Amino acid sequence: MLLAIDIGNTHTVIGVYAGDSLRAMWRIATSRHTAADELRITLSNLFSLEGLSFESMRASAVASVVPQLTKAWLKAIKDATGALSLVCCAEAAEGLFEADYPNPNEIGADRIADAVAARARYGAPVVVVDFGTATNIEVIDREGRFRGGIIAPGVQTSANALFSHGAQLPDIGLVAPPAVIGTCTVEAIQSGIMLGEADRVDGLVRRIFAQLGYEAPVIATGGLASVVARHSDTIDEVNPELTLEGLRLLAEKAAADAAAARKDAEGAGVAAVDAAGATATGAAAS
């Protein structure tokens, strides 16, 4: 089984795969100062809820945009399962991820995982909108190459900024209002934040289509994807597992590459033995 972990600035999403089937998925709050032992205890509790065991984990893949937590998670996973983790980056995704980008190493791990999964599942071209701490839009062109994208403040980030600077504005739930014209302060804020996010995404996607010169399927993922997508004209599908699926594909590729390398090494060893045997036979004959 595979343990896949997407470490975001606000939430961390944890998934367990049996083959290509997602066996369990959890979303927990991200705390930048959590120690490895605390993370291991969290994993243990979550596994117990689903009747899973650490011993069944054969591999792990991690995407992190929180450098302070990456090492802690890697240690927690190693201590709990004994598995070394694949860390998602452009280099690790080579073969599944091609970027028409000046510096691929600066592309966030979550963006890479999203692009890998979207291309594999939906083909090319495809556009991904990931609603997290930031709202990321990733563009894969007709040739299957990552062209770049857009990074904007996320829904919760924008809401927090508004509430922290507006002394008389109430903290509200992030849901859409019954109508665009709010008849109270709460509805007016909900309209501006939630419907405003949907229209912002639609406007940016249309600009992307105009630059590309063609349209593409638009896939939404992230914590608020389902809420925003209901009010969007351009989002075609919501896939909450997209980032984890990208990690699964990367881990699958790494395992296949390792198996191929072992086979090549074994073949080279057999060839060397055969060559040595032939040399010895020739020497004895002479």
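**A walk through one predicted chain**

Before going on, some housekeeping. This is a predicted model, where local features need pLDDT of at least 70 and side-chain atom pairs count only at pLDDT 80 or more, while totals for chains, interfaces and linings use all residues. Residues are numbered from 1 along each chain as its sequence is written, and side-chain values use heavy atoms, with hydrogens and water left out.

Back to T30. You will find T30 in the loop between β3 (21-29) and α1 (36-50). Helices (H or I, at least four residues) and strands (E, at least two) are DSSP runs, numbered from the N terminus. Is T30 buried or exposed? T30 counts as buried because its relative accessibility is 15%; buried means under 20% relative accessible area, exposed over 50%, and partly exposed in between, with a 1.4 Å probe and protein chains only. Leaving aside residues up to four places away in sequence, T30 touches G8, N9, T10, H11, T12, V66 and L69, where contact means heavy atoms within 4.5 Å.

Now the whole chain. It has seven helices and 11 strands, and its C-alpha trace spans about 100 × 50 × 30 Å along its principal axes. Of the 286 residues, 43% are buried. Take contacts between residues at least 6 apart in sequence: 57% of them join residues at least 24 apart.

Next, a sheet. Six strands make an open sheet in the order β6-β9-β8-β7-β10-β11, with mixed pairing. At the edges are β6 (98-99) and β11 (237-238), each pairing on one side only. Two strands pair if DSSP finds at least two bridges between them.

Let's look at β7, residues 126-131. Six of its six residues are buried, so β7 is largely enclosed by the rest of the structure. In a regular strand the side chains alternate between the two faces of the sheet. Here V126, V128 and D130 point one way from β7, and V127, V129 and F131 point the other way. For context, most peptide bonds are trans.

What are the neighbours of β7? On one side, β7 pairs with β8 in the antiparallel sense over six bridges, and the two form a hairpin with two residues between them. There, D130 stands opposite N136, and V128 has E138 as its bridge partner. β7 also pairs with β10 (residues 218-222), in the parallel sense over five bridges, and V127 is partnered with V218.

Moving on to β8, residues 134-140: six of its seven residues are buried, so this strand too is largely enclosed by the rest of the structure. Seven bridges join β8 to β9 (residues 145-153), running antiparallel, and N136 has I151 as its partner in β9. The β8-β9 hairpin has four residues between the strands, and G144 takes a positive phi near 80 degrees there.

Finally, β9 meets β6: those two pair in the parallel sense over two bridges, with A99 opposite F146.
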